Amino acid sequence: EKKILGASAKDLTPSYDWFQTDSLITIVIYTKQKDMNAELVIVDCQDKQLRGEIIVDDHSYLVEIALDHAVQGDVAVNIAEKIGEVEIILKKKDNIRWKMLGQHLESHNTFIKRTDRGLFYRKCKLISKTEVTHDTKLLCLMLPKSTHLHVPTGQHVYLKQIIEGKEVVKPYTPVLPFLPLDLKEPSHHDGAYIYLMIKIYSCGLFTQALDHLQIGDYISVSNPEGNFKKSQVQTSEDLFLLAAGTGFTPMVKLLSCALTEVSCLRTVKLIFFNKTEDDILWRNQLEQLALKDERFEVQFILSQPTKDWMGKQGKISLSLLSELVKRRKDSKVLICICGPTPFTEQGVQYLKDLGYSQEEIHAFTA
Ligand code: FAD
Ligand code: NAD
């Protein structure tokens, strides 16, 4: 009997190469992935240190080099999606010939589980702070020109600050600067900015420090993390979004993605739980969107309404969900839920009690 040589030895570990011209250094990463895209490529270049991370399913490939010579501030990234090649193009500071790319750093050329790769932070500049409600602000952070980073729908980043001498880290879910009211065009943002919608708590350790940042100050922002897969929404026909308070944040990109990119989508219903009317985030934009797009519906539910509130009230409950989350015959349903932990846990349990399967429910958690 003949043995088939190499049949199982197909090596899916990415590899890289580099070349130069008088003015440029190009690093090519052969990812061996068919569906490469900008969200799977994270590049940073600071103080002559280049870090290029490629996400391949639940693995991470890293190019990490202390460059031999100085480069200019901006970095270009080209992605050949079909053939899975990623080019990182650096501009030489001086037009001299490099004998080598540089010194390999500790994790260079490793291909490991994504969860085993430590978080990497870069400093981002606070560009603006605008009020969303009495206690919630929209922060715009600018990534360095030498960073290539796109936060995928449904994922969060970590912010890091030194507070009273201690490093403190908290997760936040990037949003869009506004909801997509012009639905003809898929919202394309160039990736230079990260928008965060953050509730400032009067006794909150991290958010108080954040609130004291001035325009022009810097804050450390990590690589994205999270287990939501966009493919979950790309095949859904009826989408339900259950959000409580700032649990609305992952719903922003999700809503935008669903309404602009999902062709099989028939309805999206946002059920938005808040304490009072004044706490409702982007109420006006949501109502405008509902008027503009007949697939989209929004329902506000208040747990501490004033007497004149004509809408629904209460907290998440079985009866409320059985009334508001209805399955249409044979339709493919996805229900996403996010808010305070007890809200999310109760919600998931009620949905299961109503007969929805694990695959039909996505809970956003830490
Ligand atoms: P803390 O100092 O931790 O306290 C916050 C407030 O809650 C204070 O008033 C405190 O008194 C009270 N509190 C603290 N612990 C408890 C408790 N166990 N029970 C009752 N009350 C308590 N937040 C956003 O605003 N926007 C986002 O986009 C966002 N995304 C997130 C994504 C993920 C994956 C997760 C897990 C959380 C996200 N959060 C988001 C919450 C955020 O990470 C912080 O928890 C929040 O900003 C509060 O931080 P803090 O240090 O200011 O507050
Ligand atoms: P909030 O205190 O203003 O409450 C908003 C609504 O949540 C209330 O009106 C109520 O309907 C519901 N709720 C609150 N506590 C509840 C409880 N114990 N049981 C059932 N329902 C309850 O909310 P907030 O201050 O805006 O907090 C938002 C929460 O969402 C935070 O805990 C934050 O960490 C979390 N969050 C998580 C993610 C994520 O995991 N990806 C993202 C964003 C926010």
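Q: From which domains does the shell around ligand 2 draw at least three residues each?
A: In this predicted model, the protein chain is divided into domain 1 (15-116), domain 2 (121-222) and domain 3 (230-363). The shell around ligand 2 takes at least three residues from each of two of these, namely domain 2 and domain 3.

Q: How many residues of domain 3 take part in the contact with domain 2?
A: The C-alpha centres of domain 2 and domain 3 lie 23 Å apart. On the side of domain 2 that touches domain 3, the residues divide into 11 nonpolar, 7 polar and 1 charged. Domain 2 gives 19 residues to the contact, and the number from domain 3 is 24.

Q: Which element gives the largest share of the shell around ligand 2?
A: The shell has 10 nonpolar, 11 polar and 4 charged residues. Elements that contribute two or more residues to the shell are α3 (249-261), β18 (267-274) and α6 (341-353). The largest share, 3 residues, comes from α6.

Q: Why do the buried residues of α6 lie on the same side of the helix?
A: The buried residues of α6 are Phe-343, Gly-347, Tyr-350 and Leu-351. An α-helix has 3.6 residues a turn, so residues three or four places apart point the same way.

Q: Which exposed residues does the face of α6 turned away from its buried side carry?
A: The buried residues of α6 are covered by elements including β17 (238-244), β18 and α5 (318-324). The face turned away from that buried side carries the exposed residues Thr-341, Pro-342, Gln-349 and Asp-353.

Notes. Residues numbered from 1 in each chain as written. Chains lettered and ligands numbered in written order. Predicted model: local features only at pLDDT ≥ 70, side-chain atom pairs only at ≥ 80, totals over all residues. Domains from an automatic or database assignment. Contact = placed C-beta atoms within 7 Å. Nonpolar A, V, L, I, M, F, W, Y, C, P; charged D, E, K, R; others polar. Helix = DSSP H or I, 4+ residues; strand = E, 2+ residues; numbered from the N terminus. Buried ≥ 20, exposed ≤ 12 C-beta atoms within 10 Å, placed from the backbone.
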